[in-house]
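Please open the model in your viewer and keep the selection panel at hand.

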Amino acid sequence: MLEALFKINENGSTVRRECIAGMTTFITMVYIVFVNPAMLAEAGMDQGAAFVATCIAAAIGCFIMGLWANYPLALAPGMGLNAFFTYGVVLGMGYTWEAALGAVFMSGCIFLLLSLFKVREWIINAIPLVLKRAIATGIGAFLALIALKNAGIIVASPATFVQLGDITSEGPLLAIFSFFIIAALLYRDFKSGVLISILLVTAISLGLGLVEYQGIIAAPPSILPTFMQLDFAAALELSMLSVIFAFLFVDLFDTSGTLVAVTQKAGLADEKGNMPRLGRALSADSSATIAGAMLGTSTTTSYIESVAGVSVGGRTGLTAVVVGCCFLLMMFFAPLANMVPAYATAGAILYVAVLMLQNLKFVDWDDMTDAIPVAVVLLMTPLTFSIAHGIALGFISYTAVKLLCGKRSEITISVWILTVLFIVKFAFLS
């Protein structure tokens, strides 16, 4: 049965190797079940329900990716997108979390249609590579700001907006310790470095009396506080168009980049770099986002941590299915997740930010028409506390600089259209 479903022998793998690969991938990305519910709780959502929704959405995405697309690619609610959900849409723009879930649902539906009608390739190819890299770095800077804020390393200041917090207090010190532990473990190729760091800091906090012991294993919390709580009416308001677009846009490129990286690492792409069953893989991602929104979590997307499983031999969808099963089992560890303090996950968020900022090395800093849009997105995304605003200002600056510098031919039709839409948004909808 497994051979018929996944063609394990044909892909040069074994059941044992696929299972080991699945558990390896899970260990590298399980930190999301601690980070995501805590972040969504800041938006006013029930943390226990968000924890269960995170686990189930991740499992659904992994099962669809494994059973239908037959890729060793794991999915879960995405870092960056959850930050935009909480800090951008709910706390920043003032929408309810129910309306934000509605926007996530709409973006998933649009993404599914784009995948089915193969419009995705046109969109991705039409957007300049420099803007794709700019968006990734902007999200990285945004995550870094959130991590430093959650840890208390930086705090608000009436005179200078931000300033250094009391880094001699327990929270900031443990957050810094967490980040250094992650760096040390991952440098030594410990795949579970992020998870070990979170659990270690939580254990230290328990020993110091900073958090209260709540147990390790229990029946899963109720998902009813977030299940089917979407506000479609609010999500369909004209002012929400930019929010839906931001969810869609970031997920679109995040998924595509992850697919390329994982399939190349696994040797699943052909000699021209084309990926078999690409439409199915993209449909799996968008379907998981739709399901996740109904359950009560932010956008579900493909995880680059899947490379960890591929590196130990994962080649088929069985790897993803094993990851999905592990996420379902995690639902019984809700007490452990509830004990994890915000500063314990700050190191993990900061580590993801570092990974995303690595895109800066690919930017041609000698070409000002490329460097300026990247700098605008990199700076304005965290400083406006909005991924949507960062993307919009990046497109506007790209078009303006290219036009004024005599490089009009480098501005694609899609970039012209998006730039005009963003200008209209700022002029009439902000």
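Begin by selecting the aromatic rings: six aromatic pairs are counted when rings of Phe, Tyr and Trp (its six-membered ring) are paired if their centres lie within 6.5 Å, with planes under 30 degrees apart called stacked, over 60 edge-to-face and the rest tilted. Select Phe 26 and Phe 327, whose ring centres are 5.1 Å apart and whose planes stand at 85 degrees, so this pair is edge-to-face. Phe 26 belongs to helix H2 (residues 15–29) and Phe 327 to helix H15 (residues 317–330), so the pair ties together parts that lie 301 residues apart in sequence; helices here are DSSP runs (H or I, at least four residues), strands likewise (E, at least two), and both are numbered from the N terminus. Phe 26 is buried at a relative accessible area of 11%, and Phe 327 is buried at 0%, where buried means under 20%, exposed over 50% and partly exposed in between (1.4 Å probe, protein chains only).

The model is predicted: local features need pLDDT of at least 70 and side-chain atom pairs count only at pLDDT 80 or more, whereas totals for chains, interfaces and linings use all residues. Residues are numbered from 1 along each chain as its sequence is written, and side-chain values use heavy atoms, with hydrogens and water left out.

Next select Phe 179 and Phe 180, which form a tilted aromatic pair, 6.1 Å from centre to centre with 45 degrees between the planes. Phe 179 is partly exposed, with a relative accessible area of 21%, while Phe 180 is exposed, with 54%. Then select Phe 245, Phe 395 and Phe 422, which ring pairs link into a cluster.

Leu 67 lies in helix H4 (residues 47–69) and is partly exposed, with a relative accessible area of 46%.

Finally, show the whole protein, which has 20 helices and four strands. The C-alpha atoms fill a box of roughly 60 × 60 × 45 Å along the principal axes, and buried residues make up 55% of the 430 residues.
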